Amino acid sequence: MTTATVRIPEQTSIGIRENELIEELTSELRANVEEEVTEGGSPARLLRLLMPDGSRQVLKLQVEMPGAVDGHDLESFRVKLRQIDKIRADAPALREVYTDKLREFHGHDWSAYTMPYYPNEDIAASIRGEDPRVEEFFDRFDVTMTALAERGWSLEESRSEPGQISEIHADRLTRRFWLLEKHLPSQYTSQERLVVNGVPCRHPLEIAKLLSERPELTRHVDATRLHFPAHGDLNTRNVLITGERDGRPTVRIIDPRGTLQPWDIVYDWGKVLFSLTVWDAGLREGFQIDTAGDPSSPEVSVHQRGGLYPGYRTAAQRLVGAIAQHAHLAPLVADDPGWRSRLLLGHGFHLLAEAACRLSDIKKRASSAGDVDLSPIELASGHYLLGVLFLENAVAQLEDRGEIDPVSHLALLDL
Ligand SMILES: Nc1ncnc2c1ncn2[C@@H]1O[C@H](COP(=O)(O)OP(=O)(O)OP(=O)(O)O)[C@@H](O)[C@H]1O
Ligand SMILES: [Mg+2]
C-alpha cells in the first residue's frame with residue numbers, strides 16, 4: 001500500500017536502490033509516503049509516512065555510499081541509533097524533548113529507522129523573514145539549552161587532555177582535503193593565498209600545519225572538561241520547535257551526531273553559530289561567488305545569494321554573549337577559560353568540514369527560490385571560501401593576542 005510519490009534524487013544506482021528499499025519498508029509498515037523531506041544536511045533519505053492508524057511517522061534511510069565523508073557514512077548513521085538509545089536510557093529527563101525511535105531496520109549495506117513525526121518549525125524560523133524576531137529566537141535557544149544542560153550535558157563531566165583541537169579539527173581538514181582538491185575550482189585549493197572578501201588568507205592546509213606544529217597556540221584554548229554526549233551535531237535544523245506550553249516554546253531535539261563518548265559541548269555551540277553565519281541561509285539560497293571577471297584571480301567575493309538574513313546576523317553576533325550569560329551554560333565552562341576562542345576557531349573548521357560534506361551529498365534539495373537543485377559545488381565553494389576567511393582571522397588573532405575576540409571576528413559577516 002504505497003504511493004508513487006517518492007522523488008528519485010538522481011538516476012544513480014544508489015538512488016534506485018534507495019527507492020526499492022523505501023518501497024519495501026513502507027509496504028512492511030503498511031504506510032503511505034506523504035512527502036519527501038529535503039531539509040536535512042546529509043545524504044540520508046527522509047520520508048513522512050501516513051500510518052494505517054492515521055498517525056504520522058518519519059522514515060530515515062541511509063544506504064552505504066562510496067566516497068561519503070566520515071560522519072555521513074553508514075557506520076556513523078548506525079552509531080546515531082545507539083546514541084539515541086543511550087540518551088533515552090542514561091538521560092531519561094531528556095526524553096520529552098528528544099526524538100523517540102520506533103523501529104530499526106538493517107541490511108548489510110543500509111540501515112533505517114522510524115520515529116514519530118513532530119509538526120514543527122526549526123529554531124531559526126523566527127529570524128528568517130523580513131521582520132526577524134530575535135528575542136523569540138533567544139527564548140527558544142534558552143529553552144533548548146536549559147534542557148540539554150540540566151538534563152544531559154551536566155550528567156557527566158571528565159577532564160580532557162590538551163591536543164583536541166589539532167586532533168579533531170586540523171587532522172580532519174587534512175584528511176578530507178583531497179575531496180576539496182578534486183571537486184572545487186582549482187584556483188581555490190591550489191594557490192598559496194586567496195583574498196576572500198578583501199582579506200588576504202593563508203591556505204587552510206598551511207593553517208592546519210601551523211596548529212599542529214605550534215601546540216602553544218591552542219593549548220590554552222583546548223577543552224579542559226568533556227560532558228555527557230547529549231548531541232554532537234547541534235545545527236539549527238536539528239532543533240524543532242513544536243508549539244508552546246504555558247507561554248514557553250516546546251522543543252524536540254533530533255539527529256545526534258553518532259557519538260557515545262564524553263563530548264566537548266563547545267563544539268555543539270559552534271554548530272549553532274555556523275548554522276546562523278553561513279550554513280542554513282547558504283543551503284536555502286545558494287552562494288554568489290565572484291572573481292571580478294578573471295576566474296584564475298586569487299581575489300574572490302562570496303556571500304549567500306541575496307545576503308545573509310539580517311536576523312541571522314544579529315543572532316550570530318549576540319550568540320557568544322548569550323552563552324556567557326546563560327544561567328545553565330556558563331557554569332559548564334566556568335573552569336574552561338578558552339571556550340570562546342575554541343568556539344570561534346571550531347566554527348571556522350566546521351565551515352571547511354561542511355564543504356567536504358556538500359561534495360558527498362547527492363540529495364536534491366529545495367531552495368527557498370523554488371524546487372531547484374543547488375549545485376553541490378556551489379555549496380561546497382561557499383562554505384570553503386568563508387571557512388578560509390574565518391579560519392584566517394581566528395588563527396591570526398590567536399597568533400597576535402592568544403585569544404579570539406567575538407566582536408571583531410564576527411564583524412567578518414559585514415564585509
Ligand atoms: N521526526 C521528525 N519530525 C518532523 N520533522 C523531522 C523529523 N525528523 C526529521 N525531520 C525534518 O527532516 C530534516 C532532516 O532530518 P535529520 O536531521 O534527521 O537528517 P539529516 O540532517 O539529513 O541527516 P544526518 O545529520 O543524520 O546526516 C530535519 O531538519 C527536520 O526538518
Ligand atoms: Mg539533521
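Biologist: What classes of residue make up the shell around ligand 1?
Modeller: Keep in mind that this is a predicted model. By class, that shell has eight nonpolar, seven charged and five polar residues.

Biologist: And which ones are closest?
Modeller: Of the 20 residues surrounding ligand 1, the closest are Ser42, Lys60, Pro116, Arg237 and Asp255.

Biologist: Which atoms of ligand 1 pair up with proline 116 and tyrosine 118?
Modeller: Nitrogen atoms. One lies 2.8 Å from a backbone N or O atom of proline 116, and a nitrogen atom of the ligand is 2.9 Å from a polar backbone atom of tyrosine 118.

Biologist: What about asparagine 238?
Modeller: There it's the side chain: one of its polar atoms sits 2.9 Å from an oxygen atom of ligand 1.

Biologist: How much of the ligand does the protein bury?
Modeller: 95% of the 610 Å² that ligand 1 exposes when taken alone.

Biologist: Which elements give two or more residues to the shell?
Modeller: Strand S3 (56-63) and strand S5 (110-116). By domain, at least three shell residues come from domain 1 (13-116), and at least three from domain 2 (121-414).

Biologist: OK, new topic. Which residues in the largest nonpolar core touch the most other members?
Modeller: Phe141, Trp153, Val196, Trp269, Leu345 and Tyr384, out of 93 residues in that core. Helix H10 (residues 376-401) gives the most to the core, with 12 residues.

Biologist: And why does the core lie between the two domains?
Modeller: Because domain 1 (13-116) and domain 2 (121-414) both give residues to it.

Terms used: Residues numbered from 1 in each chain as written. Chains lettered and ligands numbered in written order. Predicted model: local features only at pLDDT ≥ 70, side-chain atom pairs only at ≥ 80, totals over all residues. Heavy atoms only, no water. Near = heavy atom within 4 Å. Polar contact = N/O pair within 3.5 Å; in protein donor to acceptor, adjacent residues only side chain to side chain. Areas by Shrake-Rupley, 256 points an atom, 1.4 Å probe, with all protein chains shown as cover. Helix = DSSP H or I, 4+ residues; strand = E, 2+ residues; numbered from the N terminus. Nonpolar A, V, L, I, M, F, W, Y, C, P; charged D, E, K, R; others polar. Domains from an automatic or database assignment. Core = buried A, V, L, I, M, F, W, Y, C linked by side-chain atoms within 4.5 Å. Buried < 20%, exposed > 50% of the residue type's maximum accessible area, 1.4 Å probe, protein only.
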